[in-house]
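Dear colleague,

I am passing on the structure we spoke about, and below it I have set out what was found. Please read the notes with the coordinates open beside them.

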Amino acid sequence: MPGKSFYGLNALNQDSEKRRIPVTPMKDTIKIMILSAARDAHEKGILPSRDFPEVFLETPKIEAHGDFSTNFALISASVQKMSPKKIAEAVVDRLEDVRNWIESVEVAGPGFINFHLHPSAWHHVLEAVHTQGKRYGAVDLGKGRRIQVEYVSSNPTGPLHVGHGRGAAVGDSVANILSFCGYDVQKEYYINDSGRQIETLGRSVFLRLKALLGDTEPFPKECYQGGYIRDLAREILELKGRGMALGPEAEGITFCARYAAGKITEGMREDLVRFGVTFDRWFSEQSLYDAKKVDRTLSELKARDVVYEKDGALWFRTSAYGDEKDRVVVRNGGQPTYFASDIAYHRDKFERGFEKVIDVWGADHHGYIPRMEAAVEALGNARGRFKVILVQLVNLLRGGLPVAMSTRAGEFVTLREVIDEVGKDAARFLFLTRHHESPLDFDLDLAKKQSNENPVYYVQYVHARISSILKVGKERGIEDASFSEETASLLLAHEEIQLLKALSTYPDVIRQGAVFMEPHRVTFYLMDLASLFHAYYNKHRVLTDDPALTHARVSLILAIKEVIQNGLFLLGVSAPEKM
RNA sequence: GCGCCCGUAGCUCAGUGGAUAGAGCGCCGGACUACGAAUCCGUAGGCCACAGGUUCAAAUCCUGUCGGGCGUACCA
């Protein structure tokens, strides 16, 4: 116990030590200032209650309201039974500006406390970015805890289309952000390589195969219509000869199903690699059956007494866990439903030791969420350990007009085609320019445009531009761009302070992106930062006649480059040196 | 019918209860003999769908209404 307080004193008293730990974001430091001022006011008997709310510090939209502002006094009013203004004044009177950051503090409006900081306060941000480098913004939320993100998981019955691309972009970026924030993340793809759909796939290919040999039987509507089915049939014909089509149907279908599913899965894997998405594991549904895990799951459900028989089928009492009705897990006839294997799959995930399990689903599956949550809970896992991220659909446009897509007719624009046409970077970035639950118009023509209409290049251009400046700088003999307190203090232009402020909020953006699992926050942040940089660039020269100022500015743009690169990486987008 | 998501500038969208609601695009007018003009600067544009409620404070939370999307299978 004595050690603890000693440590605290020690850390506060040594000025030089203090300077070496600018790692604490500015906001936290100011929050602590406010709290200790409030405590002090309480001890002096000015504030009656010692029950203080959490301090929210925000950056006001209006510059006249300061660099930071807090509603602390307002939300304390009811507890303290005092007017917000009086509380605010009591706090302001006792603020101890240990780091000498504060230029002025004022009580404004109904009781806001507004902080105006010295420009020098912001220079520490630059130090933080330089010392932390690639780790800048990496708030440790996960502390090494294991989390799994499962995404795409498209059935191997046809190629990936644009909608899957959005799911891939969102899932992959969420996984990246969580990983950056200290979680031990596993990226997984679930392959539905079993059941009725796969049988239909096999039948489709088998029938096309027979047709190749002159069979005139009409092709059923419920079969997969796409041209890729014929291609697969041709491959099989080449591989196995005519015997396959003429032999027993059941065997033919089974072979075709397995062959087609394997081929299609392989194709999806290749498309995803081109898209910059790689998984740690591809998990086969069939493997659950092979390992008897579906059976064992059903036994466990029986043991837990959450299933019952009715009309010859086995029902899961999901309604007892918030679902609107009970669901069948084994059909009349003994066939397990997909729900059964999904339960087994999620049981397996938790058995593998993940503390949290995230599924990224298309919005058309949202009706499935309550039953899956019910299942997870019925198996003894706390509700919060399972989360579904819903991704809304994508409307594909070309020049503002919708591109006709019909999955059933087999006419759709594949993800592969989109990547080939607009490029991986543009596609991934644009998929992340919306909240994932908001529908997205994806315009192929716009995605290709190398103009201000296309935000990808706007952000990447910052990186290329800075790289270019650094190159020129190097030619002029500027080698050292490391942080230095003396030169950093020369960064006093309004645009420079704005950039430093923007850099200081990056950790917050990342934290929110991780907590809410919303990568679009990073996208928007990057566009804002890019905008500030471009404005700065057009107004000020980085490479000047003044060596000290040049050094300061080079170290500033280096920090911007670092953050841009880092943010783009989290989105799965490259940061080019040249464009 | 019931459930979920959405309704914010002409268009596409941000906005975890805070002060005067923000971007981009589009329109119009400007800025390169200097580090990359894929850039920048300047105007204009709003009953945050509507009506109540909660509170010091609501685009944000609650209830209802209207409009759009999706779901509501012994399909996935």
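**Sheets and strand pairing**

Three strands make up an open sheet of mixed pairing, in the order β14-β13-β15. Its edge strands, each of which pairs on one side only, are β14 (401-402) and β15 (440-443). Please keep in mind throughout that this is a predicted model. Strand β13 (residues 394-398) pairs with β15 in the parallel sense, over four bridges, and the bridge partner of Asn 395 in β15 is Asp 441.

Another parallel pairing, over five bridges, joins strand β5 (residues 146-150) to β6, where Ile 147 has Val 185 in β6 as its bridge partner. As a reminder of the background, strands of a sheet pair through backbone hydrogen bonds, either parallel or antiparallel. Is β6 largely enclosed by the rest of the structure, or largely open? Seven of the eight residues of β6 are buried, so the strand is largely enclosed.

**Aromatic pairs and charges over rings**

How many aromatic pairs does the count come to? The count comes to 18 aromatic pairs, and two of them involve residues of β6. Tyr 189 and Phe 279 form an edge-to-face pair, with 5.4 Å from centre to centre and 85 degrees between the planes. Tyr 189 lies in strand β6 (residues 184-191), whereas Phe 279 lies in the loop between α11 (249-274) and β7 (281-284), so this pair ties together parts that are 90 residues apart in sequence. Both Tyr 189 and Phe 279 are buried.

Tyr 190 and Phe 283 form a tilted pair, at 6.3 Å from centre to centre and with 35 degrees between the planes. Here Tyr 190 belongs to strand β6 and Phe 283 to strand β7, so the pair ties together parts that are 93 residues apart in sequence. Tyr 190 and Phe 283 are buried as well. Ring pairs also link Tyr 151, Tyr 189, Phe 279 and Trp 282 into a cluster.

Charged side chains over rings were also found. The charged end of Arg 208 sits over the ring of Phe 219, at 3.5 Å from its centre, while Lys 310 lies over the face of Trp 315, at 4.7 Å from the ring centre.

**The surface around the RNA**

Which residues are the closest to RNA strand B? Of the 62 residues that surround RNA strand B, the closest are Arg 331, Tyr 338, Arg 434, Tyr 458 and Gln 512. On the RNA side, 63% of the atoms of RNA strand B within 4 Å of the protein belong to sugar or phosphate, and the rest belong to bases.

A polar side-chain atom of Tyr 458 lies 2.3 Å from a phosphate oxygen of RNA strand B. A polar backbone atom of Asn 332 is 2.6 Å from a base oxygen of RNA strand B, and a backbone N or O atom of Tyr 537 lies 3.1 Å from a base nitrogen of RNA strand B. The elements that give two or more residues to the surface near RNA strand B are α4 (72-80), β4 (112-117), α8 (196-212), α19 (455-475) and α22 (520-539). The largest share, eight residues, comes from α19.

**Buried positions in helices**

Ser 76 is found in helix α4, and at 1% relative accessibility Ser 76 counts as buried. A polar atom of the Ser 76 side chain lies 2.7 Å from the backbone oxygen of Phe 72.

Ala 374, in helix α15 (residues 369-378), has 0% relative accessibility and therefore counts as buried, the cut-off being under 20%. From C-alpha to C-alpha, Ala 374 and Val 149 are 19 Å apart in space, and they are 225 residues apart in sequence.

Helix α17 (residues 424-431) is mostly covered, with seven of its eight residues buried. The buried residues of α17 are Asp 425, Ala 426, Ala 427, Arg 428, Phe 429, Leu 430 and Phe 431.

With best regards

Terms used:
Residues are numbered from 1 along each chain as its sequence is written. Chains are lettered from A and ligands numbered from 1 in the order in which they are written. This is a predicted model: local features need pLDDT of at least 70, side-chain atom pairs count only at pLDDT 80 or more; totals for chains, interfaces and linings use all residues. Side-chain values use heavy atoms; hydrogens and water are left out. A residue is near a molecule or strand if one of its heavy atoms lies within 4 Å of it. A polar contact is a pair of N or O atoms within 3.5 Å; within protein, one must be able to donate a hydrogen and the other to accept it, and residues adjacent in sequence count only if both atoms are side-chain atoms. Rings of Phe, Tyr and Trp (its six-membered ring) pair if their centres lie within 6.5 Å; planes under 30 degrees apart count as stacked, over 60 as edge-to-face and the rest as tilted. Buried means under 20% relative accessible area, exposed over 50%, partly exposed in between (1.4 Å probe, protein chains only). A charge sits over a ring if NZ of Lys or CZ of Arg is within 6 Å of the ring centre and within 35 degrees of the ring normal. Two strands pair if DSSP finds at least two bridges between them.
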